[in-house]
Amino acid sequence: MSAQGIGARVARKEDKRFITGAGQYTDDVYERQMSAAVFVRSPHAHAKITSVDTSAALEMPGVIDVILGQDIQDAGIGNLICGWGIQSKDGTPMKMAPYNVMDPAVVRYVGQPVAMVIAETRAEAVDAAEAVVVEYEEQPALTDFGNYAAGPVVHPGTADDNLICDWQLGDEAATDAAFAGAAHVVEMDIRNNRLIPNAMEPRSAVAHYNRAEDHTTLWTTSQNPHVARLVMSAFYNVAPEHKLRVIAPDVGGGFGSKIYIYPEEIAACYAAKRVGRPVKWTADRTEAFMTDAHGRDHITKAKMAFDADHRIVGFKVDTIANLGAYMSLFSSATPTYLYATLLSGQYNIANIYANVKLVYSHTTPVDAYRGAGRPEATYVVERMMETAARQFGLSPVELRRKNFIKDFPHQTPVLMNYDPSDFHGLMDTALKTIDFDGYPARKAESERRGMLRGIGFSSYIEACGIAPSQAVGSLGAGVGLWESAEIRVNPVGTVEVLTGTHSHGQSHETTFAQIVSDRFGVPIDNVSILHGDTDKVQFGMGTYGSRSGPVGGSAIYKALDKVEAKAKALAAHLMEADAGDIEIENGELKVAGTDKKLAWHEVCLAAYTAHNLPEGMEPGLKETSFYDPSNFTFPAGTFICEVEVDPGTGVTRIVNFVAVDDFGIIINPMVVEGQVHGGLAQGIGQALLEGCVYDDEGQLLTASYMDYAMPRADDLPSFGLDHLEIRNPSNPLGVKGCGEAGAIGAPPAVINAITDAIGTNALEMPATPERVWRAIQSTQTAMAAE
Amino acid sequence: MYNTTYYAATSLADAAAKIAADGDAKFLSGGQTLLATMKQRLAAPTMLIDLTKLPELKGISVEGDRLVIGAATKHAQVASDATVKGAIPSLAGLAATIGDPAVRNMGTMGGSLANNDPAADYPAAAMALDAIITTSKGEYKATDFFTGIFETALDEDEIIVKISYEIPKKAAYEKFRNPASRYSLCSVFAAEVSGGPRIAVTGSGNEGVFRVPAMEEALTRGWTADAVTSVKIDPETMLSDMHGSAEYRAHLVAVLAGRAVAKAG
Amino acid sequence: MADVKLTVNGRKIAKTVPDRTLLVTLLRDEIGLTGTHVGCDTSQCGACTVHIDGNAVKSCTVLAAQVSGAEVVTIEGLAKGDTLHPMQEAFRTHHGLQCGFCTPGMIMMGVDIVNRHPEGLDEETIRKELEGNICRCTGYHNIVKAIGAAAEEMSSGTTQMAAE
């Protein structure tokens, strides 16, 4: 334990460089003789490329080279892959179509790269890109993915009906039987709107080829540099693993979009070797809109069956998930194993059946975005619960309480085995935090001002730290989902922690240092966290799915166990005591019940001088752990949202938002609160503001901040947060993960609140002022007709 | 951005001579729209003639019943200037809603009016406050100045020098922002000037900023919100896009006009 | 080519650059001040915010030539040696940053907001004033807190560190 240990609210170590402008992001890398790359991109959603003429571009000032898709193909650099294989219900494998770095023949979404221009400066490269003449033969595009089978076909020969996989989970016959005997059935059509991630740092890659060593260094905006290196070497043939170093330096937010390996960084590695100079490519924001993997985009029909006492007896969900033009790295897992497995929510449901159809369309690839599948599941379950309560004339709190799971562990019918939480306790705390008893008075006060006030609930559960490796492997994952940690204790007692996770806002440099401080009493300033460089950290799986705390932190914990054991053995030897009697307290190793003690740094030094080690002990103090969890973790919470709707304009203002979560043990409450705030903003953004729009020709209409509404400071309230801290039994830290909860739980709370305010259940996200105004008009029309 | 040449004009005559010599040159004021457009490669002037250093385009003063503002005055100055706040607080308030603080530190009134973006704010004030726009060649009434979306009566080589607004008996601006761009989706400037009541709308008209004679006429019979909210706006005259249909915008005009009238008092 | 003379963070610099060079490009590519970031193309995200003659401006939407002769302060010039500006300190204390990418622009805008509101700041005003700065990580909650706290610190008179 220490003042900076687990549970301490300490300021972040990493902040100093960020608040002084000293952060080192990929675009801040400037290499000698560095050239600039710009991509020529398809203006069409679907077209055949009939010719490419680079002659004029090659004559432009400053131009070094123009690279085409055929060049990359001829170099043997291969197709991008989806790393998670799933099967249709008839046992056939998913239909993965070839995903070229730059397809020389066909383009399938607006923004797909066609050629890469390398020039002395970015401005010159942009000028020259415009001079590359590409002739296209335009083809009709598929954007209405609900009618995927009607065509046009995205990948003829691979998926002629555009259906990638017709996947299922659960027992359909048993679920149908439950519906047959049900007293009530509630049905809903639910759309989960397509989102564009918009990490504030656009993607970027700097590639440097060292001819002397035939070695490539790639700086890139990645959440998982080791996976990037693995995939680029094992599948894409960019370079063998030992000849490729991937560095993800400071990364300006990811939210999923920087998990994947994209065409641009592969092309940059090829280009650096070809032109013999370092190459930098940095996306502009419109490129980010067009090419970062998008998120969500589900069309769902759901129905829930209840008995006469309003207990859920069955749940049936049919979803069509749009994966876009190509299968991105984890695109198959997101709408299946990360979605349908959470359809039990916080509720006792004996029978669940989900059918998910994954389909192609002529749009940007879609993959995991903050929450990844779990927001979609939560939205279906929690919209359903609120709507059912209204239909039954029950309070939404009462209906939820009637169905909450109380006994743990709890096995759902959709694979998950929930660890302990307290769903009633979360609801109790949320009601208290928002002053639920005072709500009627607040509503009356709003009405006096001519405003409509509504309140909405969302009781979510999610699954983090996806694991164990053997289980995910059996479900089709191409990788294991363990994490590594290496603890290097220096002779003076300072500590370096190497982790295979990657921090791009998650505060690992502080919270991981706190885990070390907690153990040895060293100040966090004496602990360095190293990550994001395949030359420093041997291997790791990166950061996504709220895995860094539960999996990465636990790996550190396990490695610390080994360091502690060795330090204690050494201290015992030096103080002529039994290792079992050594206690670590305030940075000292003490013999229990005596006044014998050694300072931490004295023991560390002794390990390195090696003048007096126990028999058989090797010198040094450095340990490694590869930690593979035994289960997912299950954070849960209840969110309550209060809105005021202006009936004249349809504008919704969030006037009160409370989030009460169980994240297990909390390492740094300040950091956890920050993660919740950010997640809530993204969830509220999805509910109120954000929506990706394609027209019928597949043109992306929301390709800049002029048209894609990002949440801004005045769109959001200050949030009221609280926690229950229920230890997670499946990892040694007892943590559950907090990175995605806000984005998972918020959307249904907001929409449930608005629909409560305006008195109709039919409202799509984002609930723009016009949509809300129209919904209000429809209720008035309906009332007038009665 | 395409290649271009930057030139800081030293006088009106100098600026006029430069543009006469190069037909593909453009005047640059704050640049908050023009530079953004050039970055998207949607405009490619061979030369940018910077007008912001011209002394003729500076200054804020009250002249009789009018407030006169130099064309190179930045939005931030209009928003914070004591003379503007004293004479037409609603105009200062309008300026404080344009773009964001950083944009307001560069963007100018003349630049905004000359660009006549259908979602810009100043055109509504100019129309409602019977503005007179003085240029290097003459002067225009606001109603003659705005001729269509991104269209004005200005010649290519004509420079706005100053803008004079009638100081109204009362006035207010109600702005409804596009949730993405934060430009006006539908905003209404309501004023009572010597010529009578004025209702000017920006962000919604399919021909740009416009006045609503039916509302103005209704207000002559009594300055009440109800007088304007009951006036129906024809959706056929409205812009329509993914942020707001014509029907919704037509509805907003009435709602916001009512609120502006009420706010003006 | 344009001859651009600027005072950047107290140092005089003179560069000859293509006329189309944006201020942010000059800062990053020519003089290595990479703390000023580019997050969008439509002058909306505010990651590129710097001070020009004491006022916050988006350096992605101004030509370097346009402001020749001006005093520019970037995020690198805000602290006095090892002493952080109260706005920087407040962002750290209140966890007003996560990935750090929008942070330089947020801090420069934060200073500008406080400078323009000597009367003090409430939450609603801060949120409105942040209209031109987008953050994807923090939900703004702690940024708003940080700017409020810095405003009090800056007005207390104990620290005379407005970004001239």
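1. Some ground rules. This is a predicted model, in which local features need pLDDT of at least 70 and side-chain atom pairs count only at pLDDT 80 or more, while totals for chains, interfaces and linings use all residues. Residues are numbered from 1 along each chain as its sequence is written, and chains are lettered from A and ligands numbered from 1 in the order in which they are written.

2. Start with chains A and C. Their contact draws on 42 residues of chain A and 44 residues of chain C; "in contact" here says that the C-beta atoms of two residues, placed from the backbone, lie within 7 Å. On the chain A side, α1 (15–19), α8 (285–291) and α17 (669–688) are the elements giving two or more residues. Helices are DSSP runs of H or I with at least four residues, strands are runs of E with at least two, and both are numbered from the N terminus. The top giver is α17(A), with seven residues. By type, this side of chain A splits into 19 nonpolar, 14 polar and nine charged residues.

3. Now chains A and B. Here 13 residues of chain A meet ten residues of chain B. The chain A side has eight nonpolar, three polar and two charged residues.

4. Inside chain A, the domain assignment lists domain 1 (35–141 + 201–252 + 258–291), domain 2 (295–466 + 631–785) and domain 3 (482–627); such bounds come from an automatic or database assignment. The C-alpha centres of domains 1 and 2 of chain A are 36 Å apart. Their contact uses 23 residues from domain 1 and 25 residues from domain 2. The domain 1 side holds 16 nonpolar, five polar and two charged residues.

5. Chain C has domain 1 (2–77) and domain 2 (86–155), with C-alpha centres 21 Å apart. They touch through 15 residues of domain 1 and eleven residues of domain 2. On the domain 1 side, β3(C) provides the largest share, three residues. That side has six nonpolar, nine polar and no charged residues.

6. Is helix α12 (439–448) of chain A buried or in the open? It lies largely in the open, because zero of its ten residues are buried (buried: 20 or more other C-beta atoms within 10 Å of the residue's own, with C-beta atoms placed from the backbone; exposed: 12 or fewer; partly exposed: in between). Just after α12(A), G450(A) has a positive phi of about 80°.

Notes. Ala, Val, Leu, Ile, Met, Phe, Trp, Tyr, Cys and Pro count as nonpolar, Asp, Glu, Lys and Arg as charged, and the others, Gly among them, as polar.
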